[in-house]
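Here are my notes for your look through this entry. Please read them with the structure open.

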Amino acid sequence: MSDLRKALRGLDWSGWLGAGIVGLIVLAAIFAPLIAPYDPLALNIEDRLTAPDARHWLGTDQGGRDVLSRILFGARASLSVGIGAVLIGALIGVSAGIFAAYKGGLGEQVVMRIVDGVASIPLLVWAIAIVGILGVGPLAVGPLLLPNEVKIVVLVGCLFSPVFARVTYAVAKRIAGADYVRARFLQGASHWQIVSGDVLPNCLSPIIVQGTLLVAIGIVIEASISFVGLGVQPPQPSWGTMLSDARSAIYSGEWWLPVFPGLAISLTVIGFNLLGDAVRDLFDPRSEARTLVA
Amino acid sequence: MTGPILSLRGVSKSFPQGGLLDRLLGRDSRLVALDDVSLDVMRGDVVGIVGESGSGKSTLAGLAVGLARPTSGEVLLDGQSMAVLMRDHAGPWRRRVQMVFQDSSSALNPRKSVERCLGETLALRGVPRAQRDSEIADLLTLVGLGPEIGPRLPHELSGGQRQRIGLARALAMKPEVLIADEPVSALDVSLQAQVINLLSRLTRELGLTLLFISHDLALVRTLCSRIVVMRKGTIVEQGPCLDVLGRPQHPYTQALIAAVPKGLAGRRTPLPVRADAAVPETREDIHGAA
């Protein structure tokens, strides 16, 4: 707890800005049903394509649906994909990276070459290809019916895992060779005790930094997949589908349709990036020296 | 029974060089770190192992403590083959041989307090939870530190204090053989003297067998009863400390001795601790304790 307080005190202004933006968007996503002025799905043909005014702060779309309400509900899709994918990616990637670094030998070579293979193919192309193959409908896995969002979270998580694996491997490799790990080995500590008590805790900071930055990329991937129609399915709101629907409006002058979902994406991505940079500075022992130079 | 507590029989160790591709194509070359080394260490001996860097001293330490397996030859702990013992990773033999590392900043987990570091070690020796606190206090006293150091993290300690904690951690296993790999080379001279005097006292009080690896002949002379001179993975000369240093037979040993500054080479008594170097971190009187 005191660690957290110390960490918060160490944040600079851009870190606070990032934390503030991220905090606001997370709150908006959680409390969307309470704060949204309208039902995001309710059609109202009479009010279609109204410019931002006092009733509809961010205007309405072709179906007369309130843009602000749709952006607030759309935050849920974006954040759940971004954060869920990072959690899944971290689980797979950190396990693989620590295994490779600690085990060494043939296991290390096999795991890291698989990681290289997965990482060599561009994220977005993979995601689109696999969703395209699986289709956008719910996927039946045994008795479970997985909605398309779950598919995307798992998919993007798997695609993130090589990034986590490499970051973890680089740090864990150094720690696995440290004398304190040798000392634990000489005391007869089990591999599990060494990995969970000595290796993993000393790898955490770069993993957390990487995770924060990847949430932003996950949000962009979700928006991109939804933009091409393979992600969140209409009429459910998502920033990507809203942008996609707004393509025609760019030429007909309804500027609020593309601008506000676009701003929501940019703002969230900037927020997570600022937060990620600030967290990295906090964990970097040389960060003080760096501010002196800058 | 008076056989050697630690014995190396024709031990060699080599490491593969070159990348994966070289190895797959069979073009591997091997770096020979130890070449047919035989050495007997008797119970209670204080053996200094000296040699230039790259002479195989640290490789020998790793083999003797069971961190690595020899490529050929055999390491015996009290007559039992280490290769057989190592099949039981957490067996009771583990605690009989412990090691003190060279770099005190990498020897302690930066996220574990002194108490936790020592407590976990005691837990692995099977000390019940209720007794651990008092044992930790005893260990700290043994290495000349006070109980106030318990809650501190490694980066809050000085180099000398960290090295003492590393020593306390090794002693927490109640070892019979202690292997110290350049334990003082990273410390400044006054701290070196403190740690050397501490090691000297502990070997006498606890009856430890000590393998002291160093490139510093003056330190070996003050501490050790026997000396082993190594070069390029082989032992070039060994014997009682005074004999080897007084009448070196091998030209390499002669060169090593000639390389030591005159003032230190003739020293037979422990390095004096300067009065102003009695840093507040020590509670014991170094001289008085001996």
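Where is A:P235 found? A:P235 sits in the loop of chain A between α9 (191-227) and α10 (239-245). Keep in mind that this is a predicted model.

1. The peptide bond from A:P234 to A:P235 is cis. Its omega is near 10°.

2. Next, a helix pair in chain A. Helix α2 (residues 13-30) of chain A and helix α12 (residues 256-283) of chain A have axes that come within 7 Å. The axes of α2(A) and α12(A) cross at roughly 135°. Angles over 145 degrees would count as roughly antiparallel. The two helices, α2(A) and α12(A), are therefore oblique to each other. The crossing of α2(A) and α12(A) is left-handed.

3. Now the residues at that crossing. From α2(A) come A:S14, A:G15, A:L17, A:G18, A:A19, A:I21, A:V22 and A:I25. They meet A:L267, A:T268, A:I270, A:G271, A:F272, A:L274, A:L275 and A:A278 of α12(A). By class, the contact of α2(A) with α12(A) has eleven nonpolar residues, five polar ones and no charged ones.

4. Turn to chain B and check B:D36. This residue lies in strand β2 (residues 29-41) of chain B. Phi of B:D36 is near 50°, a positive value in a residue other than glycine. B:D36 has 15 C-beta neighbours inside 10 Å, so it counts as partly exposed.

5. B:D78 is in the loop between β4 (72-77) and β5 (80-81) of chain B. Its phi is near 50°, again positive in a residue other than glycine. B:D78 is partly exposed because 17 other C-beta atoms lie within 10 Å; the cut-off for buried is 20 or more.

Notes: Residues numbered from 1 in each chain as written. Chains lettered and ligands numbered in written order. Predicted model: local features only at pLDDT ≥ 70, side-chain atom pairs only at ≥ 80, totals over all residues. Axes fitted to C-alpha atoms, helices over the stretch in contact; angles between N-to-C directions. Helix = DSSP H or I, 4+ residues; strand = E, 2+ residues; numbered from the N terminus. Parallel < 35°, antiparallel > 145°, perpendicular 65-115°, else oblique. Left-handed = near helix turned anticlockwise from the far one by under 90°. Contact = placed C-beta atoms within 7 Å. Nonpolar A, V, L, I, M, F, W, Y, C, P; charged D, E, K, R; others polar. Buried ≥ 20, exposed ≤ 12 C-beta atoms within 10 Å, placed from the backbone.
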